[in-house]
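The following exercises concern the structure shown below. Each task is followed by a solution in steps.

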Amino acid sequence: MTDDQAAIRGFGGVARLFPLPNLVLFPQVVQGLHVFEPRYRQLTADALADDRLITIIMLSPGWEADYEGRPVVEAFGCLGRITHHEPLPDGRSNLRLRGLARLRLLAEQPAHKLYRTARAEVVPDVVPEDLPRLLDLRRGLADAVLGRFVPTGPAHRQLGELFAGPTPLGALCDMLAYALPIELGLKQRLLEEPRVDRRAEVLAHALRHHESAGGHEFPPAFSPN
């Protein structure tokens, strides 16, 4: 069993929430975080002392009016494991967080800490048994993605190798949804989709028909809380 699998199995059903206005984290990717607010310093300390798990969840539209309180968050987030912690002299810290699994929030808990917590459940990928259809979706997604890059460029080559490799379709969709320049609302929709075939269809359609901004560079930059 890998460290990621052990962490998912060890998740106790209560998520430490790290809401952000402009980030949708996905399984399979690593995100840098710069932690400076007192509530998230406490969250980080508690996670490091326990299971190292934090849930990144996006703030719903209209969050600006109540950011210091408990603004509404989306129904799905991403459970992540702290893989690297760099404490800074003034109490701030830098983290590397690896996305592990989709989480569906069930009910937010009363505030006993500076940060928010919620009961939540892991939502596993749903993979259809129709292998030919999955292969067709993989090819279609590859065409939609690779068509955005210069055929002779390094990105085209690296992505081509990724599609040709053993990475499952669901994980491919998650990595692409995180990294490619698509709008945050669509990223959130893809995070909320457990069916890998539907996820691939939605992502391929978006890449063929829409031009928008909001992607990430690799390695990802630190995101301030």
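**Exercise 1.** What should the 16 residues of helix α3 (residues 131–146) span at 1.5 Å a residue, and how far apart are its end C-alpha atoms?

*Solution.* The model is predicted: local features need pLDDT of at least 70, side-chain atom pairs count only at pLDDT 80 or more, and totals for chains, interfaces and linings use all residues. Residues are numbered from 1 along each chain as its sequence is written, and side-chain values use heavy atoms, with hydrogens and water left out. Helices are DSSP runs of H or I with at least four residues, and strands are runs of E with at least two, numbered from the N terminus. The expected span is 1.5 Å times one less than the number of residues. For α3 this gives 22 Å, and the end C-alpha atoms are 22 Å apart, which agrees.

**Exercise 2.** Identify the buried residues of α3 and some elements that cover them.

*Solution.* Buried means under 20% relative accessible area, exposed over 50%, and partly exposed in between (1.4 Å probe, protein chains only). The buried residues of α3 are L134, L137, R138, G140, L141, A142, A144, V145 and L146. Their cover includes α4 (154–164), α5 (169–179) and α7 (196–209), where contact means heavy atoms within 4.5 Å.

**Exercise 3.** Describe the backbone and accessibility of Q28.

*Solution.* Most residues other than glycine have a negative phi. Q28, not a glycine, has a positive phi of about 85°. Q28 lies in the loop between β1 (14–20) and β2 (30–35). Because its relative accessibility is 37%, Q28 counts as partly exposed.
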